[in-house]
Amino acid sequence: MAETRPHITISGDDRYGVVASTSHESHVADHMLRRVGFERLPDSNHYGLREPDRDPTRRGQQAVQSLRAAQYTVTSDAAYDVSVQTAPRTNRDPLVQLKNRSAVLVARAGEAASARALDADIRAAQVVVLDQVRDPEGTLRAVGTDLRTREGLLLHGEGDLRFVESRLEHTSRAFDAFYAMPGNERRDPRLSMMQRAQAATAISPARAGAVLPQQPATTVAYRSATAPQQPARAR
């Protein structure tokens, strides 16, 4: 029987900004939330979006989209649910429609500006893409590093529609998350490097079972010194 994905809720919080919670404890959900930019809040079962003051609406929307693409059931506030924002409105009030349309346009403009900035950074070699793969949904996922901050990056999309999914403190952590991503069949190149290093320093079984030839033991005998012979005297 297939494992049931945990239910994730994402909402706004006055203190922590964008907050996520799960219906039950799961190390897989914990890993996925960290991948999309969340971290466990102190003394709590909830997660807060890292750098809560940095473009929280757009990053919250990206987190919702990424979790749903990974087949998680996600409910969220309307501000972070792009499908709700783009759905047809039943309210015919022109002012309400204009407000909703403006909010969608602002969100899309912000996403487009971020994508263009990222594309420019990649072209300028300030952000380096280290590996990439298409997930089961057809989205191009990548791992990279920001040479200016030495942060590891998880990216999704391509060209001028590529976005930063999350920033991690070290590139090695970004590699860990990238190669643990569901549907990623690429092998972590660091493992093969470690295996080659171990093979280079290991003793082969043939040599391990060989018996080195022993040098024959030698015995050194010492003779006591004899008195020199005296010449015979003539009689």
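Contact means heavy atoms within 4.5 Å. The structure is a predicted model, in which local features need pLDDT of at least 70 and side-chain atom pairs count only at pLDDT 80 or more, while totals for chains, interfaces and linings use all residues. Residues are numbered from 1 along each chain as its sequence is written, and side-chain values use heavy atoms, with hydrogens and water left out.

Confidence is given as pLDDT (the predictor's confidence in each residue, from 0 to 100). The protein has a mean pLDDT of 75. A value of 70 or more is reached by 63% of its residues. Helices (H or I, at least four residues) and strands (E, at least two) are DSSP runs, numbered from the N terminus. Strand E4 (residues 47-49) has the highest mean pLDDT among the elements, 93. Helix H7 (residues 205-209) has the lowest, 53.

Helix H2 spans residues 56-69. From first to last C-alpha, its 14 residues reach 20 Å. This is close to the expected 20 Å, taken as 1.5 Å times one less than the number of residues. Burial is defined by relative accessible area (buried under 20%, exposed over 50%, partly exposed in between; 1.4 Å probe, protein chains only). The buried residues of H2 include Arg58, Arg59, Val64 and Leu67. Ser66 also lies in H2 and is buried, at a relative accessible area of 3%. Beyond its neighbours within four places in sequence, Ser66 contacts Val36, Arg141, His156 and Glu165. Just after H2, Gln71 adopts a positive phi of about 75°.

Helix H1 covers residues 27-35. Its buried residues are Ala29, Asp30, Met32, Leu33 and Arg35. Gly37 follows H1 and has a positive phi, near 110°.
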